[in-house]
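Please read it alongside the sequence and the structure shown here.

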Amino acid sequence: MAVSTLASFEYLEQLSGTTFQKLYRQPSTALAIFRRMLPHLGRASFAKKSNATGSLVPGLLLTLRRQRDEALSLLSRLYIVHITARTRDDPQVVSLTKGFRSSLQLALTGGGNHQSFGVPSSDSATADVDLHYLDEYARAQWEGILHYVVSSVGEGMHQASQGPTSAVKQLLKAGSLVTSGAHSGITQAGFSFLLQEVNAQVWTLLLLWIKNAEQMEMDSVDVLSFLFMLGSLELGRAYSTTTLSESQRQMLKYLVDFGLVYIPRSTPNQFFPTRLSTTLTSDATALRSVAAGFDAVNTSATGTKGFIIIETNYRLYAYTTSPLQIAVLALFTKLTTRYPNMVAGRITRESIYRAISHGITSDQVISYLSTHAHPQLLKSSAAHGGGPVLPPTVVDQIRLWQIENERMKATSGFLFKEFESQKEYDACVKYADAIGVLVWKSDPKRMFFVSRVEQLRDYLKSRKTK
Amino acid sequence: MPRAIRGVLVECDPSIKSIIVKIDSEDHAFIVEDLDNQTLVIKENMLAILKMRLDEALKETQQPPSDSGSE
């Protein structure tokens, strides 16, 4: 369930039904959510079809049914589908909610006069704004923000840069990605933020902003539908600001700070979406195109994509001059020497401990190392018949160091106990397992632990009334 | 009607669990429900404090092995 773990949808799941009804009035929002949810919809309908033919192996069928139930429960949390409760006489009926369906139809057929996909500016476009310029602008703004987050760690390597605006700094502090005062510096949330993909980073920051915007008494529906609209705009095209609502226009100012849109100084009533915003609502493949887009810009500044060589003796050499990359490396490496074109260091037990205590996981470190592995490492792994890119000893050791430090696994949620009958217990456990919230159970004690309680509570109520 | 109790499910080794029980035995501020020798439920707001106390307790009993190899 890679998609549902994204922060954006976790936020959406918390919203109320009326908010969703308002949101789905905008065809662009319906389309954006539909695009993002497509894997789940597909899984739901595929499982259904294969169920009908019955030609699949029972084990596989069970997995598919489970996946379908999980997908359906997510879709209903987002108010995309309406599911009637399963009773003895009627089979379960799943239908798209009315608001979502009509907006999606409008979006797909292109009918109506709703202006929810933005209005291209009729003024002549400024000549010097091309794709390259927009990418460069977005990259500079975003790296400025990242650098501000990381700068407290990579002290001494910090180069003078203008940094983000004070509004952005405020936001980072409000979201406790960085702290100020006596113990100023990066926080645990900030570390994980740094190692995320660009798209996830953008959403994290936007969600922080939305939460703050609620305090500023801006309409969260307005704000969200504007974001979803941004996701459907065309890169390199000028759009008019005149059709935007008041709070959306206010928001534009912040989006400029984030590097999501660009407003030319000469024509303040048009705005250009950058690559960061046009890929907001696309799926994983488009994420890579963000990275690819940035890589194209990056090549001039930082050389090739892969730059890290790591040896079996835990020594690490990184061919980079980018202060941002060096600062990120310094989060989990003991850097010792800096040369004009590279830095050298070691991965030690202490450096990994430090990283873990800040909330970085070993998997994050490993995936960072392997995605940025030097071409030479890739070449030698290919020569050995496509073996692992990183030395297995190092990878294993990093994992072991983490396990050593992780004494307990904690999951927050709810413990259910004191069931009246074995039958009631069995039914509840089965239901909790089917919707994918069951974490732990003990049949002899008739207790179980779930990570989410809402649906189970409804289920218990419906059992009661039966 | 079954009861639902909010909390944090902690899964760990039996040795760690016994340390947690020992920490809790002082003032019973942490454990909500002792489930089995590898699982227990603790109060949600006490997780960070428990982690800290656990680290302290482990520091007393363990000698961190030193890193081998030179720079």
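## Helix packing in chain A

Axes are lines fitted to C-alpha atoms, for helices over the stretch in contact, and angles between N-to-C directions run from 0 to 180 degrees. In this predicted model, the axes of helix α16 (residues 362–371) of chain A and helix α18 (residues 392–405) of chain A come within 9 Å and cross at roughly 160 degrees. That angle makes α16(A) roughly antiparallel to α18(A), given that angles over 145 degrees count as such. The crossing in which α16(A) passes α18(A) is right-handed. On the α16(A) side, Ser362(A), Val365(A) and Ile366(A) take part, and they meet Val395(A), Ile398(A), Arg399(A) and Gln402(A) of α18(A). Sorted by class, this contact of α16(A) with α18(A) holds four nonpolar, two polar and one charged residues.

The contact of α10(A) with α11(A) has three nonpolar, two polar and one charged residues.

## Sheets of chain A

Four strands of chain A form an open sheet in the order β8-β9-β11-β10, with antiparallel pairing. The edges are taken by β8 (308–310) and β10 (334–338) of chain A, each of which pairs on one side only, and from one strand to the next the twist averages 20 degrees. Within this sheet, β8(A) and strand β9 (residues 315–318) of chain A are paired in the antiparallel sense over three bridges, and Ile310(A) stands opposite Leu316(A) in β9(A).

Another open sheet of chain A has three strands in the order β5-β7-β6, and its pairing is likewise antiparallel. Because β5 (239–240) and β6 (261–262) of chain A stand at the edges with a single partner strand each, one side of each is left without a neighbour in the sheet. Two bridges join β6(A) to strand β7 (residues 270–273) of chain A, the two strands running antiparallel, and Val261(A) has Pro273(A) in β7(A) as its bridge partner.

## Contact between chains A and B

Where chain B touches chain A, 23 residues of chain B are in contact with 24 residues of chain A. On the chain B side, the elements that give two or more residues are β1 (3–12), β2 (31–36), β3 (39–42) and α2 (47–61). Of these, β1(B) gives the most, with ten residues. The residues on this side of chain B divide into twelve nonpolar, three polar and eight charged.

Strand pairing also links the two chains, since strands of a sheet pair through backbone hydrogen bonds, either parallel or antiparallel. Strand β12 (residues 408–417) of chain A is joined to β1(B) by ten bridges, and the two run antiparallel. Along this pairing, Met408(A) stands opposite Cys12(B), while Lys409(A) stands opposite Glu11(B). Within chain B, β1(B) is also joined to β3(B) by four bridges, again in the antiparallel sense, and Val8(B) stands opposite Ile42(B) in β3(B).

## Confidence in chain A

Chain A averages a pLDDT of 75, and 75% of the residues score at least 70. Among the elements of chain A, strand β11 (residues 343–346) has the highest mean pLDDT, at 94, whereas helix α13 (residues 284–302) has the lowest, at 42.

Two stretches of chain A call for particular care. Over residues 153–161 of chain A, pLDDT stays under 50, and the model has 17 contacts beyond four places in sequence for that stretch. Over residues 284–304 of chain A, pLDDT also stays under 50, and there the model has 26 contacts beyond four places in sequence. Where pLDDT is low, the predicted coordinates should not be read in detail.

How values were computed
Residues numbered from 1 in each chain as written. Chains lettered and ligands numbered in written order. Predicted model: local features only at pLDDT ≥ 70, side-chain atom pairs only at ≥ 80, totals over all residues. Contact = placed C-beta atoms within 7 Å. Nonpolar A, V, L, I, M, F, W, Y, C, P; charged D, E, K, R; others polar. Pairing = 2+ DSSP bridges. pLDDT = per-residue confidence, 0-100. Parallel < 35°, antiparallel > 145°, perpendicular 65-115°, else oblique. Left-handed = near helix turned anticlockwise from the far one by under 90°.
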